[in-house]
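Colleague: Please take me through one part of this model in detail, at residue level. I would like to see how it is put together and what lies around it.

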Amino acid sequence: MDKFEAGMLAKSKAGHDTGKTYVIADTDDAYVYLVDGKIRTLDKPKKKKKKHVQIILKQYETAGADDGKIRQILKTWNQKEG
């Protein structure tokens, strides 16, 4: 079930950012790279172990996306969850 893919939403389960929602920009064997479009931009993603994030089974198309698009995805999600 732990299938991490770029474009999926993920919520932090550990660390100072617990509860914050991010978009997965990239993955490798043990880590995911998270962006929020503000502090964690596409140029400077947050590296976090997979066990410290909970995926949200909602995926967006992020190919060619910029930080503004990432912010819009998260804003839409937060309004829906709000």
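Modeller: Happy to! Two strands pair if DSSP finds at least two bridges between them. Strands (E, at least two residues) and helices (H or I, at least four) are DSSP runs, numbered from the N terminus. This is a predicted model, so to speak of local features we need pLDDT of at least 70, and side-chain atom pairs count only at pLDDT 80 or more, while totals for chains, interfaces and linings use all residues. Residues are numbered from 1 along each chain as its sequence is written, and side-chain values use heavy atoms, with hydrogens and water left out.

Let's look closely at β2, residues 21–27. With 3 residues between them, β2 and β3 form a hairpin.

Now look at Y31. K47 lies over the face of Y31, 4.3 Å from the ring centre; a charge sits over a ring if NZ of Lys or CZ of Arg is within 6 Å of the ring centre and within 35 degrees of the ring normal.

Next comes the largest pocket, whose lining includes K20, T21 and D36. A pocket here is an open set of points on a 1 Å grid, for a 1.4 Å probe, with protein on both sides within 12 Å along at least five of seven lines; lining residues have an atom within 4 Å of a point. Helix α1, residues 67–81, gives the most to this lining, with 5 residues. R71, Q72, L74, K75 and N78 are among the lining residues too.

Stepping back, the protein has 1 helix and 5 strands, and from the N terminus on they run β-β-β-β-β-α. Along the principal axes, the C-alpha atoms fill a box of roughly 25 × 25 × 25 Å.
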